[in-house]
Amino acid sequence: MELLWALVGAQAFALWGSPVTWTEVVAFVLAVWMVVCNWRVNPLAWPLAMVSSALYGLLFADYKLYGEASLQLVFIAVAAWGWWQWLRGTGDDGGALRVRHLDGRRLVGVVAFVLAAWPLLGAFLDRATDSDVPYFDALPTVGSLAGQWLLGRKYVENWPAWIGVNVVSVGLFAWKGLWLTVLLYALFVVMAAVGWRTWRRLAHAQAVRA
């Protein structure tokens, strides 16, 4: 176990006075590749997400970000589900899953989930762990779960959800001094905006063809 944590914490270089590990570097590259695949609705995004999440889970646990670390385990499971959805999933009409917009009822359900689960998870992290930012950690954790579900079901609205999650995450990781990850999540904000525009066009084109 000590060897594992030594490998996780092996330093590649320093950035703004904080160490950047090889774990963070590899996870960064895989995460960017993943988002590019998501733009293109390429199922390769999901196995990339699984590996990147595993690496980030180790990294976050080392920095006592237990909500984010636990979230990576959920991401791995959800990525397996999302991979299956993109390959075999069907829409409400029984046809192949396609890029489309979220209806009002489901949108209300997603927002209600985030607003209800955020304080509950924050309270749990506050009581059950030594996290110094339990509610700050909990918000992007819960938002990411919602984003993953929206992405897995090919809803356009996954992208604005990720914009919100990534903006909050930039602040969280800056607080912890994870500067390469701060840059990654700042890049994710821009990439999510591009993805939103791309998927809106895809949804329109697919609706016209349907």
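Helices (H or I, at least four residues) and strands (E, at least two) are DSSP runs, numbered from the N terminus. The structure shown above is a predicted model, in which local features need pLDDT of at least 70 and side-chain atom pairs count only at pLDDT 80 or more, while totals for chains, interfaces and linings use all residues. Residues are numbered from 1 along each chain as its sequence is written, and side-chain values use heavy atoms, with hydrogens and water left out.

On a 1 Å grid over the protein atoms alone, a cavity is a set of points where a 1.4 Å probe fits but cannot get out, whereas a pocket is an open set with protein on both sides within 12 Å along at least five of seven lines; lining residues have an atom within 4 Å of a point. Grid points are joined across faces, edges and corners, and a volume is the space filled by probe spheres set on the points. A search of the whole structure finds one cavity of 30 Å³ or more. The largest cavity has a volume of about 370 Å³. It is lined by 24 residues, of which Met 34, Phe 75, Trp 162, Tyr 185 and Phe 188 are the closest to its centre. Two or more lining residues come from each of the helices H2 (22-39), H3 (45-62), H4 (66-88), H6 (134-152), H7 (158-176) and H8 (179-209). H7 gives the most, with six residues.

The open space comes next. The largest pocket has a volume of about 260 Å³. Its lining has 14 residues, and Val 114, Gly 143, Ala 146, Ala 161 and Val 165 lie nearest its centre. Helix H5 (104-128), H6 and H7 each supply at least two residues of this lining, and H6 gives the most, with five residues.

Two residues of helix H6 deserve attention. Gln 148 is in helix H6, and it counts as buried because its relative accessible area is 6%, where buried means under 20%, exposed over 50% and partly exposed in between (1.4 Å probe, protein chains only). Leaving out residues up to four places away in sequence, Gln 148 touches Trp 46, Phe 75, Val 78, Trp 81 and Trp 162; contact means heavy atoms within 4.5 Å.

Asp 137 also has its place in helix H6. Apart from neighbours within four places in sequence, Asp 137 is in contact with residues including Leu 65, Tyr 66, Ser 131 and Leu 172.
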